[in-house]
Amino acid sequence: MEIYVPDIYQQDIYQINYDVLLSRGIKCLIFDLDNTLVTIKEMYPKEETKNLFNELKEKGFKIIIASNSIKARVKPFHEELKVDYIYSAKKPHIDKINEFITSSKFGLDEIAMIGDSMMDDVVCGNTIGITTILLDQIGKAEFPIARIKRIKEKRIQKKLRDKDLFTKGRYYV
Ligand SMILES: [Mg+2]
């Protein structure tokens with residue numbers, strides 16, 4: 001069950017304490033897109049997200065967006081936020097993310113995966129062995145595949161709660 005448990009759990013990208021990440025040696029942030037940066041209805045990033053990303057770049061973080069969505073969905077965020085991107089990432093499969101990691105100069109202990117899906121983002125990151133940060137989903141609407149995964153996620157989260165391994169709404173750093 002540990003494969004589902006994130007290292008950090010916060011409400012959204014603005015609640016993450018990035019200075020704590022820096023102090024732990026994290027240098028590269030891999031962000032999910034849908035329901036992490038924007039709802040599935042939004043086609044462009046919000047101004048506050050642009051501001052956050054600028055702050056993070058100034059702090060020295062390398063930022064990359066890794067999304068299971070297709071190129072046409074992800075590319076506008078790459079352009080607007082001026083960060084690299086991986087589309088059709090197929091999370092929780094690790095191949096595409098590992099491809100990026102191998103081609104980068106970062107060690108596994110320098111990378112954090114940030115997203116709203118326990119089944120995709122957390123499992124992928126934990127399988128690879130990087131820091132995982134789970135966030136609450138920011139929109140209620142989901143793409144069909146994500147909706148099915150969310151049902152499974154609810155069942156897993158009940159088991160985790162029963163074992164006191166993870167409780168939704170109980171945030172931790
Ligand atoms: Mg997502």
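Gln15 sits in the loop that joins strand 1 (8–10) to helix 1 (18–23). Before I go on, note that this is a predicted model. Is Gln15 buried or exposed? Gln15 counts as exposed, because it has 12 C-beta neighbours inside 10 Å, and the cut-off for exposed is 12 or fewer. Along the chain, Gln15 and Leu135 are 120 residues apart, yet their C-alpha atoms are separated by 9.2 Å.

Next, helix 3. This helix covers residues 71–81, and Val74, Phe77 and Leu81 are buried in it. Why do these residues lie on the same side of helix 3? They do so because the arc they cover around the axis is only 55°.

What do the buried residues of helix 3 pack against? Their partners are helix 2 (47–58), strand 3 (62–66) and strand 4 (84–86). Just after helix 3 comes Lys82, with a positive phi of about 55°.

Last, the core. The largest nonpolar core is made up of 34 residues. Within that core, Ile30, Ala112 and Ile114 have the most contacts. Take Ile114 and leave aside its neighbours within four places in sequence: its contacts are then Ile13, Leu29, Ile30, Phe31, Asp32, Thr36, Ile133 and Leu135.

Terms used:
Residues are numbered from 1 along each chain as its sequence is written. This is a predicted model: local features need pLDDT of at least 70, side-chain atom pairs count only at pLDDT 80 or more; totals for chains, interfaces and linings use all residues. Helices (H or I, at least four residues) and strands (E, at least two) are DSSP runs, numbered from the N terminus. A residue is buried if 20 or more other C-beta atoms lie within 10 Å of its own, exposed if 12 or fewer, and partly exposed in between; C-beta atoms are placed from the backbone. The arc is that of the directions from the helix axis to the C-beta atoms. Two residues are in contact if their C-beta atoms, placed from the backbone, lie within 7 Å. A nonpolar core is a set of buried Ala, Val, Leu, Ile, Met, Phe, Trp, Tyr and Cys residues joined through C-beta atoms within 7 Å.
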